[in-house]
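Colleague: Could you take me on a close look at a single part of this model, and then show me how the rest is arranged around it? Take whatever space you need.

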Amino acid sequence: MSERVAIIGIGFTKLQPATPLCSFKELVFEAAQKAYADAGIRFTAIDSFVTCAEDLNEGISIFDEYTPDQLGAVQKPMHTLTQDGLHGIADALMQIRSGIAETVVVEAHSKASNILTPDWLLDYALDPVYNRPLDFSPHAIAALEMNRFLTQTGITVSHCAEVVIKNRLNARRNPLAAYPLETDPTTELAPYLCYPLREKELAKNADGCVVVVLANEAGASKARNQPAWILGTSFASDSPTLESRHWSNAEYARLAAQAAYRQAGIKDPGKIDFFEVDDTYAYKELQHVIALGLYDDPVKAGRAIETGETRPEGRIPVNVSGGALGMGLPLEASGLYRIVELVLQLRGQAGERQLSRAKIGLAQSWRGVPTTSGAVVILGSEPPHV
Amino acid sequence: MSRRRVAVIGAGMTKFMHRALETPKELAWLAVQSALASNQLKLKQVDCVVLGSAPDAFDGVHMKSEYLSDGCGGWRKPFLRCYVGGGTGVYAVAQAWVQVASGMFDTAVVVCEEKMSTCQPHPQAAFLTIFDPITEQPLKPNLLWIFALEQTRYMETYGITVEEIARVSVKNKRNALNHPAAQLGAKLTVEDVLASEIMAWPVHRLMVSPTSDGAAAVVLASEEVARRVTDKPIWIQGVGWCLDTAYWTNRDLAYPEYVEKAAWMAYRMAGVKEPRKEINIAEPYDPFAYKELHHLEGLQLAPKGQAPKLLADGVFDRNGDLPVTPSGGLLGVGNPIAAAGTMKLCELFWQLRGEAGKRQVPGKPERGVAQAWGDLMQVGTVVVMGTKKPQ
């Protein structure tokens with residue numbers, strides 16, 4: 001476990017509601033070119049490649065067939081994970097630590113605009129025997145969970161509405177964001193998707209691609225830009241079965257965070273400077289910061305949004321990038337867009353949203369309804385002590 | 001470098017069958033349970049779970065990994081699903097090797113599951129969606145056609161006859177008669193194979209593996225744990241994988257370069273310099289009869305174009321000089337895509353431990369290689385296992 005691993009290059013495209021002028025391969029190619037230039041390496045110097053993608057989101061079975069060419073991975077070790085991009089980061093780290101590779105590339109993209117019936121597709125993620133025949137919208141699972149979460153914690157619907165406004169206002173300072181807040185900030189008046197979940201509390205899909213280059217210490221020392229060191233990373237799954245899951249706590253996030261804190265030697269998560277957490281639904285941001293252990297009493301997460309503690313100028317900035325609510329939800333690439341924000345902040349390249357203090361950041365992902373899987377990555381501007 | 005040694009300490013599988021009554025979750029759990037039952041490890045002592053499974057379209061479940069996770073034993077554990085098409089079954093073990101060798105985890109369960117029977121009337125329809133949606137799908141290709149192309153190119157390049165290829169079906173289906181989990185063991189002659197229906201010339205029905213339901217699992221442990229729980233660990237000596245371009249039509253199909261690269265990656269790690277001398281037993285991927293020969297050449301276990309001759313000479317028989325596919329392979333045991341690759345690693349585990357019963361190859365084999373292949377004739381995945389601790 002001694003090998004230190006860093007992110008030495010990132011490449012990304014702007015998130016957009018639709019990208020009619022290019023194919024997914026062109027999105028990936030653009031991000032890859034930028035990432036390799038950012039890292040100052042040629043594709044021939046990369047040992048191994050990982051893509052994170054789901055067949056049904058791509059509309060192609062055995063999607064990993066179409067992953068190598070646009071990354072320069074032909075006749076190289078390459079595989080696909082049907083997981084979030086942050087799982088890919090954990091995988092790359094393990095490949096480097098196992099000594100099988102020195103430089104690994106992780107790619108994830110979204111061409112969500114190609115999916116004509118996203119809700120119908122999500123229906124296919126339900127258990128085919130017990131749940132699908134009941135014929136309900138998968139968003140109802142989020143609504144049920146939100147209801148339970150609010151009841152258990154004392155957090156209110158207006159706290160959730162505040163999350164939407166905070167993140168979409170943050171997105172106004174992020175040139176990558178697809179859905180910055182433009183006019184009406186009154187989320188509470190939006191129609192219900194499924195009670196108590198309102199339409200505006202659901203992040204909208206977006207197209208985009210991120211490519212991340214990771215390297216061992218020797219590779220990091222030659223990087224063109226300041227490396228972002230991985231201090232800890234883990235992933236976990238809770239019960240996928242609706243009938244037996246915990247409907248209030250995000251156990252997957254808690255388990256992944258605890259393992260990552262252990263690796264990073266972090267006893268008090270409050271020491272982390274900023275957080276990029278999953279906010280596919282507004283309440284999820286609050287549920288996730290609680291699971292990350294930021295508050296001893298869950299209701300404090302609600303109060304924090306009232307007092308502005310989680311705004312960029314607050315004590316614990318959460319989703320300075322605008323989160324999925326402001327940037328858009330790029331399917332499996334969601335986690336990697338959070339990595340982009342972490343790296344830019346750590347390097348001091350975040351432009352007008354640059355935080356004054358950004359030495360350690362945490363990214364967390366969730367795979368959306370009906371899943372209970374997620375991952376955590378902690379990055380630092382200084383290499384970890386071994 | 002802190003690479004740790006990793007051993008396989010348990011293996012298990014379900015019966016491979018045309019149509020299982022179990023749900024996909026139940027199949028996965030049965031395999032995990034039997035793999036764990038073969039050693040002293042309990043599920044709660046397992047640090048992480050790796051799932052391998054091929055297209056979501058078979059089970060008709062989106063985000064199949066999430067649906068299967070508790071069936072695989074992944075509840076409240078680090079769990080992920082890796083994926084390289086048909087090569088997944090062997091790759092998943094390489095993935096778990098990476099996870100344990102890195103020091104992140106001490107123990108891992110690898111399970112590969114496939115339930116093809118839910119795809120009605122035949123999974124071939126799901127396979128249409130693996131082709132490029134713009135340049136290929138409008139031609140309505142299917143797997144039999146493209147593999148008939150590859151077989152033709154292989155035969156044409158080296159002057160191989162259909163009879164020589166039919167021998168693979170005869171050998172593997174005969175070997176499968178001794179496998180308790182086999183779906184299609186049979187005693188056949190070359191004439192029987194050639195008398196079976198032509199699916200797409202030169203591929204006959206008996207040269208094609210069946211569609212199957214099933215699951216297979218292995219348990220991996222770091223050296224420290226392995227020493228504690230078993231006195232017969234089988235060591236993973238090398239892993240390799242290689243993905244070629246998606247533009248398969250631009251590739252010379254006569255020889256699988258990607259398998260060669262994956263094989264050398266694994267052999268280098270295992271310290272194998274002359275594979276033909278240092279490998280005692282091979283389980284190459286045999287979804288079609290010619291593929292076994294094609295892959296043996298890619299694995300450097302036969303000179304290019306020479307595998308059919310070695311087969312005819314009996315070299316690859318169970319009691320031959322280099323036993324190949326003693327399990328019965330995909331042609332005999334069955335082909336639940338990803339699970340079939342892991343079944344090959346289960347076979348190596350049992351053979352190297354001397355626990356393969358009636359299928360046991362003579363002469364106490366010390367090192368074996370398993371390989372799988374997939375995507376658009378595009379990916380090779382290789383694992384080398386042996387009784388000796390890797391350097």
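Modeller: Happy to. Let's start with strand β11 of chain B, where both faces are covered: B:Val379, B:Thr381, B:Val383 and B:Met385 are buried on one side, and B:Gly380, B:Val382, B:Val384 and B:Gly386 are buried on the other. In a regular strand the side chains alternate between the two faces of the sheet. Please keep in mind that this is a predicted model. Counted over residues 379-386, eight of the eight residues of β11(B) are buried, so the strand is mostly covered.

Now for the neighbours of that strand. On β11(B), pairing with β8(B), residues 234-243, is antiparallel and comprises eight bridges. One place to look is B:Leu243, whose bridge partner in β11(B) is B:Val379. Strand β10(B), residues 367-374, also pairs with β11(B) in the antiparallel sense, over eight bridges. There, B:Gly368 has B:Met385 as its bridge partner in β11(B). β10(B) and β11(B) form a hairpin with four residues between the strands, and in it B:Asp375 takes a positive phi near 60 degrees.

Staying in chain B, helix α7 is another element worth a look. α7(B) covers residues 162-176, and its 15 residues should span 21 Å at 1.5 Å a residue; the end C-alpha atoms are 22 Å apart, which agrees. This helix is mostly covered, with eleven of its 15 residues buried. Among those buried residues are B:Ile165, B:Ala166, B:Val168 and B:Val170, but also B:Glu164, B:Lys171 and B:Lys173.

Between the two chains, 52 residues of chain A are in contact with 54 residues of chain B. On the chain A side, α2 (55-58), β3 (78-81), α3, α4 (118-123), β8 (228-237) and α8 (251-264) each supply at least two residues. That side of chain A divides into 23 nonpolar, 17 polar and twelve charged residues.

Chain A itself has twelve helices and eleven strands. Its radius of gyration is 19 Å, close to the 21 Å that the globule rule gives for 386 residues, so chain A is as compact as a globular protein of that length. The C-alpha trace of chain A spans about 50 × 45 × 40 Å along its principal axes, and buried residues make up 62% of the chain. Of the contacts in chain A between residues at least 6 apart in sequence, 77% join residues at least 24 apart.

Finally, the domains. Chain A is assigned domain 1 (5-116 + 206-221) and domain 2 (138-198 + 229-380). Their centres, taken over C-alpha atoms, are separated by 23 Å. Where they meet, 30 residues of domain 1 are in contact with 29 residues of domain 2. The domain 1 side draws at least two residues from each of β1 (5-12), α3 (85-97), β4 (103-110) and β7 (208-216) of chain A. α3(A) gives the most to that side, with six residues, and the residues there divide into 19 nonpolar, seven polar and four charged.

Notes: Residues numbered from 1 in each chain as written. Chains lettered and ligands numbered in written order. Predicted model: local features only at pLDDT ≥ 70, side-chain atom pairs only at ≥ 80, totals over all residues. Domains from an automatic or database assignment. Contact = placed C-beta atoms within 7 Å. Nonpolar A, V, L, I, M, F, W, Y, C, P; charged D, E, K, R; others polar. Buried ≥ 20, exposed ≤ 12 C-beta atoms within 10 Å, placed from the backbone. Pairing = 2+ DSSP bridges. Expected span 1.5 Å × (residues − 1). Rg over C-alpha atoms; globule rule 2.2 N^0.38 Å.
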